[in-house]
Amino acid sequence: MTELQEARDIRTEGLHVATRHPVPKGEPILELRALQKKYGAVEALKPASLTFLSGEIHAIVGENGAGKSTLIKLLTGVIKRTSGEVFWCGKPVQLGTPQEAIERGINAVHQEVVLCAHLTVAANMFLGDEINRNGLMRKRAMTDAAQSVLDDLGFNLPAGAVLGSLTIGQQQLVATARAAMRGTQFLIFDEPTAYLTRQESAQLFRLIRRLQAEGVTIVYISHRMEEVFELADRVSVLRDGTHVGTRRIGETNEAELIALMINRTIEQIYHKEHFPPGEVIVETRNLSGPGFQDVSLTVRAGEIVGLYGLIGAGRSEFALGLYGRHRPTSGEVYWQGRKVEIASERIAMDLGIALAPESRRDQGLCLNLPIGLNINLPVFNRLSRGLTINGQQERENADRQIRDLKIKTPSRRVLVSAMSGGNQQKIVIGKWLSHGAKLFIFDEPTVGVDVGTKAEIYRLFARLLEKGAGIVLISSYLPEVYELADRLHVFRGGRLVASHDYRAASHEEVLTQAIGV
Amino acid sequence: MSAETVESGASAAPRKGVSILFGLTLLGLLLFLWLLLGLATNSFWTPNNISNLLRQGAMTAILAVGQTFVIITAGIDLSVGAVVGFTSVIVAWLLAAGVPLWIAIILTLAFGVLIGAFHAFGIVRMGLPPFIITLATLTSLRGIGLLITNGSTISITNEAFTNFSRADFLGVPSLFWMVIVVAIPAYVFLHLSRFGRYLFAVGSNSEAARLSGVNVHRTIYLAYILSSTCAAFVGLLLASRIGIGNATQAEGWELQAIASSVIGGTSLFGAVGSVHGPLLGAFILATINNGANLLNVNSFWQRIITGALIIVIVYFDQLRRRSAR
């Protein structure tokens, strides 16, 4: 047996290690008894008792702040519990450190990829567990072993590529492969599909089912109900740090779960009001720029124009071009009938365009600064008299947005990084409400946002339309644009490939146009 | 309306609270050092020594304030020491050439503006990291200064200029008054004006700032110009104090300035900093040096002690921030 062969065998063995069942399928593998976590006086997780059965896919749903992340951190040893007991394969365990969790075979795949973007896929898969010989790394052996794992999983990914050159979705698949390779018994997915395209999601689901078939227990956390019903065997609901129930998937439905999650029924999450379309706010004619070509569309007052497509289809690039972030290379923009050159963000803002960008973390917010400063950032020139800022107006403006948008914070001085995804999104929106605009561009406004906040955001859309604004809604989540957009444009490969009126085309038709089969 | 004021009064605490508390503990540390040195030596609390201490700390303090603007944008300005030496040469040269004093001062400050603008140009237009562009000027400015003086020094004969640094006003050294002259506008700029907010926003997330309509490039220009202009101002003060222009003066002052800023609670990752912090930091460093001299501590040990104190103070600052989370 060659060394290379040997190395590969050692590594790929990890994939199948889970077949050595620690407990028979269907028996409890991890049991929580009155598990509790307190931060000071705040009870992030009230005493919860939950049992995970070996080999099941167990979904956990709940709004932001319901205690899902606390639960994951407790299970992966990132934080220590305040009280309660955890039993792994019937024996009490501490789970006091991440190392302990990993040694027992508990791994997590996070929503935001926590790997090294500058290293190769193979290096990331072996990170902290490299193949060495005489103290030197066996780079070739690792690349080959990683490649065989990726091929085996059916991912079409090169092990030698630098991780940062892949899409976020592909990076997520690498993170999953990494966990799968390490002899995982118990794998937690924290909203894995938030940034994935449909194809990537499908690949991920196949992998999850395969891991399950090999005996791995899966915990799947998601905001997307249809995924829960597609994948899970059982589902547990958390609300305000309390475990409010566990159901077999066949014995429940979406309405019941939502009722459990938010303690009230939502007649319709997609709150849609139709307004008579008003004057044309903006019109683009054959607009081209970096990442988009030949886009012609109009937005009228009182209407939502939806841009649907896969990630990288050119929708966000078009939005950034319209907003002056990237200068269009050809084509024209007419603002309320007048031809304009939008050469900078400031010009766009002064015309009356607001952009809530795709990534809250990278483009939307100054995370380590206070909420108030973030909300006021676009309007400081208005809040200033001469050289100095009017402190009272500054405070009032921030507090008004916090109150109007029901941002859950004790104070405007709290740092944005301490807020949940839903509240962060409200802060982004608050920035633009305080600035005011005629055209609002919302790019993926509900990624990582819970059902309750989603409904609030959709109602806010109606309020904006009522006041005569126009909205461009960009989303990779079809039901959202489908249910809300008065006119739906489909993007593919940087071009606008199809347009539909409200609910005029079927889901399948729109999807096919977006994927381009 | 009343609910709002109550809220802002009552729960406005976490961030500003920490900043003020930290400022107070730094002030406490400074006073404690002064008390200790007063007890340990006879010469500390003499008018002469206090004046001396205030003069020593003044120049680092001004550099540190300018440096802090840059660090808040998540940058660094390694050139300030070299700018001090270089501008001392410029002012001496201008005075020797018979240029009227006030014009010489304005021209010297204009050099500061130019150098800062050059740094920002390198960062914004050429895409160079701040560390690199300011490291490059650190080296070359000393070279240009040496070329101008042919490696020697230019003495300054203008008595009005050289007397300034020795003068007192209301019993306080004029050099210390210069700290106040810089600090008050700096405070207004950083904490009360929108440009100050923009510095923090750019340091925290420049893309988010940009998409919010902040002119990121202009903000970076502003930060580096302010830093270099503060350094040029210190160059004037130094020239006045030592009565010569010499390009090799102020060696290592950039590190003093960065240390003062960091002791004062500025984060090298950007978006955290104040004006009062670096001022206190600079005078803490000056006190340590002054005290060590009075106590006849070996100057080699002085360096070691200074280094150790930087670690201790910044470590405690980190601890405080973490527990405040």
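Let us start with one pair of residues: B:Arg210 forms a salt bridge with A:Glu345, and their closest N and O atoms are 2.6 Å apart. A salt bridge here is a side-chain nitrogen of Lys or Arg within 4 Å of a carboxyl oxygen of Asp or Glu. Between chain B and chain A the count is 3 salt bridges.

Before we go on, note that this is a predicted model, in which local features need pLDDT of at least 70, side-chain atom pairs count only at pLDDT 80 or more, and totals for chains, interfaces and linings use all residues. Residues are numbered from 1 along each chain as its sequence is written, chains are lettered from A and ligands numbered from 1 in the order in which they are written, and side-chain values use heavy atoms, leaving out hydrogens and water.

Now step back to the whole contact (heavy atoms within 4.5 Å). Chain B brings 31 residues to it and chain A brings 40 residues.

Next, look inside chain A, where you can find an open sheet of 6 strands in the order S6-S9-S10-S3-S11-S12, with mixed pairing. Strands are DSSP runs (E, at least two residues) numbered from the N terminus, and two of them pair if DSSP finds at least two bridges between them. Strand S6 (106-109) and strand S12 (242-248) of chain A each have a single partner strand, so one side of each is left without a neighbour in the sheet. S6(A) and strand S9 (residues 186-190) of chain A run parallel, joined by 4 bridges. In S9(A), A:Phe186 is the bridge partner of A:Ile106.
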